[in-house]
Amino acid sequence: MTSAALRVVGDGAPASASASSRPLIEIRGLAKTYRTRDGDVPSLRPIDLDLAAGEFVAVVGPSGCGKSTLLKLVGGLIPPSAGEVRIAGRPVTEPPDDVGIVFQNPVLLAWRTVLRNVMMPVEVRGLDRGTHLARARALLKTAGLSDFEQKYPWQLSGGMQQRTSICRALVHDPKIVLMDEPFGALDAMTRERMNLELQRIHGETGKTVLLITHSIPEAIFLADRVVVMSERPGTVAAIYDIDLPRPRTIEMLGNPVFADLARRVRSHFYAQGGLD
Ligand code: ADP
Ligand code: MG
């Protein structure tokens, strides 16, 4: 991270909510129906949601309810069927430069080294190689991957591959990070470490994060707000403000406020089956 990093402290209020009244991300009437040879697949009912700059929003919902679809729409990877996404006031029609995406699977290129995988967004965007190479190396160091820069993805554990993909999403220093169940494949201990690391990055850089997760504790641990989605075609069923102080600690998982929030979020899923 940059040395001039800002530390976001306090009650988890969006970092610059007072600086600008306009949300950084505006989701308006956003809906998606996939048109396939076998017919239409309605996947997202109209969604309205705002994210303030610096805010951390987590999304939970049943399998197939449209979480990945929502993330792809926000990231400009697929076009909406209705409504729109605006980032800093501009309609999203293609992947914006200021967005980094972490996919559910690391999707690293097998023939590229770890370092060259992390540098991909820099090459694709034609950004300055020198400054970003230093940044890539610093990120890999933070992720504990310095000794693996010249290795290939298949020489890494699943956790290391996922950490590589997170470095790749951050290398061009995007203001917005979109993450689709990034820690789903990791073991519990690694996942906990990654949660702490993500909290640190968010706290120190003030990035705006949209995280999709199937872990209710993870959502509550990390987020300022937890969005609960309903079954497919999904829409927003409820939004919970998470007013736990920051930085949050693993010990807080046992705190009654935490347990109560988890119970309230979980109650949405008893009626409609499990999470992913
Ligand atoms: P989630 O991430 O919540 O599990 P998705 O957003 O991946 O859900 O998918 C929502 C629904 O849209 C699912 O029923 C899925 O089968 C369907 N879907 C996703 N992508 C496509 C696609 N490219 N073409 C057709 N249907 C799709
Ligand atoms: Mg998904």
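Helices, of at least four residues, and strands, of at least two, are taken here as DSSP runs numbered from the N terminus. With that numbering, Glu149 is placed in the loop that connects α4 (129–142) to α5 (158–170). The model is a predicted one.

Glu149 counts as buried because its relative accessibility is 11%, and buried means under 20%. The side chain of Glu149 forms a polar contact of 3.0 Å with the side chain of Arg137. When neighbours within four places in sequence are left aside, the contacts of Glu149 are Thr113, Val114, Leu115, Arg137 and Leu140.

Around ligand 1 stand Tyr34, Thr36, Ser43, Pro62, Ser63, Gly64, Cys65, Gly66, Lys67, Ser68, Thr69 and Arg232. By class, this shell comprises three nonpolar, seven polar and two charged residues.

An oxygen atom of ligand 1 lies 2.7 Å from an N or O atom in the side chain of Ser43, and one lies 2.8 Å from an N or O atom in the side chain of Ser68. For Lys67, a polar backbone atom is 2.9 Å from an oxygen atom of ligand 1. Taken alone, ligand 1 exposes 560 Å², of which the protein buries 65%. Two or more residues of the shell come from each of β1 (25–36) and α1 (67–74), and α1 gives the most, with three residues.

Key:
Residues are numbered from 1 along each chain as its sequence is written. Chains are lettered from A and ligands numbered from 1 in the order in which they are written. This is a predicted model: local features need pLDDT of at least 70, side-chain atom pairs count only at pLDDT 80 or more; totals for chains, interfaces and linings use all residues. Side-chain values use heavy atoms; hydrogens and water are left out. A residue is near a molecule or strand if one of its heavy atoms lies within 4 Å of it. A polar contact is a pair of N or O atoms within 3.5 Å; within protein, one must be able to donate a hydrogen and the other to accept it, and residues adjacent in sequence count only if both atoms are side-chain atoms. Accessible areas come from the Shrake-Rupley method with a 1.4 Å probe; for residues, only the protein chains shown count as cover. Ala, Val, Leu, Ile, Met, Phe, Trp, Tyr, Cys and Pro count as nonpolar, Asp, Glu, Lys and Arg as charged, and the others, Gly among them, as polar. Buried means under 20% relative accessible area, exposed over 50%, partly exposed in between (1.4 Å probe, protein chains only). Contact means heavy atoms within 4.5 Å.
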